Amino acid sequence: MTFVKLYKTGQKQEKAMPDIAIVGSVALDSVKTPFGERNDVLGGAATYASFAASFFAKPGIIAVVGEDFPEAHLELLRKRGIDLRGLEKEGRTFRWQGSYEYDMNEAKTLKTELNSFENFNPKVPEEYKKAGYVFLANINPELQMKVLEQIKKPKLAMLDTMNLWISTKKQKLLEAIKKVDLLLLNDSEARQLFETPNLVKAAMQALKLGPKHVIIKKGEHGALYFTEQNHFSAPSYPLETIKDPTGCGDSFAGALIGYLAKTNDNSEKNIRKAIIYGSTIASFNAEDFSLERMKRLNMEEIEKRYSEFERIREF
Ligand code: AMP
């Protein structure tokens, strides 16, 4: 197993430690929506999340890609300042194939090839071990646990998952959830995991497991945030152009934890703001395929849409 070089020969070696350690898939996706089709494009939960987080703080990825993974994708991540010291290279890259109907809230998974993730044993680089923030993005919950165990006392650990892991690794997933501060799920996953159609009941059950914060994403209908005392409902942005919602959940999560890391404030009030930054970046992500829209995104556009979100909520 080899590690991906952080910088090309001749470039300065980056020493700074990342603010956020992110484990999750780095993938080649094939996606079909009513607005087009793309094959073997850059995707993966850790990819979307770290790119979104990089608007606010410095993320470091823990994952594995194959020998077939294009160098241009690595270069794109490096240019965003994303730490790749935890990215290994072996075998063939994880691949996901999915499609969406006009109701783009839910992807239909056509194929998942774990490939090099099948036997992946994550080794967290020394430089990541003191990261204040950890995001256990979508991947096998056993790998999520292995990563969390190697990080020293993070200020906040957040976990996301998806239906495949709920159906195949439910017990391991529940164990991992007990160890994190913030649980993120989408509405159908919350219903599946807690075996109830009622999202409030699902959130209450999740809080009983241990996390102090639970966020349920409702795709184009916004997000719900629950603590033991309060709840908050975040709107979604009424987008005119939606081409591909792949990665919206991960971009939401990445921007959210990026904002928390930047502000170093995990209060409920600040988490509400972070949710709106998450919704802002996720709304941009849906405007184009793969990471195309985030690649063209700047802070000015982000702040402008964040303000529009504030106006939407005024009454
Ligand atoms: P989402 O934010 O939920 O739209 O996540 C989409 C991304 O998740 C895609 O880029 C896929 O590569 C990745 N993905 C799909 N299935 C899995 C899985 N079972 N484990 C990890 N990542 C996955």
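Predicted model: local features only at pLDDT ≥ 70, side-chain atom pairs only at ≥ 80, totals over all residues.
1. The protein contains eleven helices and 14 strands. Its radius of gyration is 18 Å, close to the 20 Å that the globule rule gives for 315 residues, so the protein is as compact as a globular protein of that length. The C-alpha trace extends over about 55 × 40 × 35 Å along the principal axes.

2. Burial and contacts across the chain. Of the 315 residues in the protein, 57% are buried. When contacts between residues at least 6 apart in sequence are considered, 66% of them join residues at least 24 apart.

3. Surface and charge. The accessible surface of the protein amounts to about 14,000 Å², and carbon and sulfur atoms account for 48% of that area. The side chains include 46 positive and 43 negative ones, with the centres of the two sets 4 Å apart.

4. The setting of D29. This residue belongs to strand β3, which comprises residues 27-33. With neighbours within four places in sequence left aside, D29 is in contact with R38, N39, D40, V41, G43, G44, Y48, W96 and T246.

5. The charge of D29. Which side chain of opposite charge is nearest to D29? It is that of R95, at a distance of 8.8 Å. D29 is buried yet has no salt bridge.

Methods: Residues numbered from 1 in each chain as written. Heavy atoms only, no water. Helix = DSSP H or I, 4+ residues; strand = E, 2+ residues; numbered from the N terminus. Rg over C-alpha atoms; globule rule 2.2 N^0.38 Å. Buried < 20%, exposed > 50% of the residue type's maximum accessible area, 1.4 Å probe, protein only. Contact = heavy atoms within 4.5 Å. Areas by Shrake-Rupley, 256 points an atom, 1.4 Å probe, with all protein chains shown as cover. Lys, Arg positive; Asp, Glu negative; His and termini not counted. Charge placed at Lys NZ, Arg CZ, Asp CG, Glu CD. Salt bridge = Lys/Arg side-chain N within 4 Å of Asp/Glu carboxyl O.
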